[in-house]
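Please consult the sequence and the structure while working through each solution.

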Amino acid sequence: MDNTLITPANGRFGLIGLPYAQDALEPAISSTTISFHYGKHLKAYADNLSGLVAGTHFEGKNLVEIVRGSEGAVFNNAGQLLNHNLYFTEFRAPREDNRPVGRLAEAIDAQFGSFESFKDEFSKKGAGLFGSGWVWLSSDAEGKLHVTQEPNASNPVLKGLNPLITFDVWEHAYYLDYHNRRPDHIAALWQIIDWDEAEKRFLSK
Ligand code: MN
């Protein structure tokens with residue numbers, strides 16, 4: 001995993017940089033949603049976690065280590081920070097025929113039959129997750145792919161998996177743009193997945 005997404009600097013977790021302009025993901029994710037979801041929700045998770053770990057045995061540990069070793073408020077804030085850092089760095093401007101590339105594309109075809117079948121399974125798991133949570137594509141040590149639903153602040157690293165891409169299905173991720181139409185938001189997200197970044201994560205293990 002990219003160390004810049006999980007490592008504290010001078011004892012604090014900061015707000016990661018976005019690899020695109022705030023309005024670049026429209027209409028899948030509006031500039032207004034980015035301003036709240038990234039500027040307010042994500043910043044709060046980073047600030048809360050920095051305060052919670054100060055002076056404890058978690059100080060200086062990276063996000064994956066904290067997620068694996070914590071519970072309660074520390075786990076909730078660390079999990080959400082890890083989830084969102086991976087989420088906000090997996091997008092790019094919309095493309096009409098946006099498809100996986102390279103070894104990850106081959107693995108998706110081999111395991112799910114086609115990209116369309118994979119998308120269908122992933123979208124159904126996102127739409128069907130009750131309450132707040134995340135749907136993930138991850139890989140295991142053998143390179144096998146897994147699509148999992150993770151409730152609340154959970155992350156596939158707890159199952160020993162390498163997280164590749166995720167859709168945030170907490171209402172704060174889409175309510176301003178799509179109101180209660182979660183499946184429509186999910187359908188739009190496929191246009192903005194940065195498959196080069198996903199491939200990089202797949203190859204990095
Ligand atoms: Mn979120």
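Two exercises with worked solutions follow.

The model is predicted: local features need pLDDT of at least 70, side-chain atom pairs count only at pLDDT 80 or more, and totals for chains, interfaces and linings use all residues. Residues are numbered from 1 along each chain as its sequence is written, and side-chain values use heavy atoms, with hydrogens and water left out.

**Exercise 1.** Determine which residues coordinate the manganese ion.

Step 1. Donors are N, O and S atoms within 2.8 Å of the metal (3.2 Å for Na, K and Ca); water is not among the atoms, so sites may look incomplete.

Step 2. The manganese ion is coordinated by H37 (NE2), H84 (NE2), D168 (OD) and H172 (NE2), at 2.0 to 2.1 Å.

Step 3. The sequence spacing of these donor residues is H-x46-H-x83-D-x3-H. Of these, H84 lies in helix 3 (residues 72-88) and D168 in strand 3 (residues 162-168), 84 residues apart. Helices (H or I, at least four residues) and strands (E, at least two) are DSSP runs, numbered from the N terminus.

Step 4. Both H84 and D168 are buried, that is, under 20% relative accessible area, where exposed is over 50% and partly exposed in between (1.4 Å probe, protein chains only).

**Exercise 2.** Describe the salt bridge between R201 and E197.

Step 1. A salt bridge is a side-chain nitrogen of Lys or Arg within 4 Å of a carboxyl oxygen of Asp or Glu. For R201 and E197, the N to O distance is 2.9 Å.

Step 2. R201 and E197 are separated by about one helical turn, because they are four residues apart in helix 8 (residues 195-204).

Step 3. R201 is buried at 7% relative accessibility, and E197 is buried at 14%.
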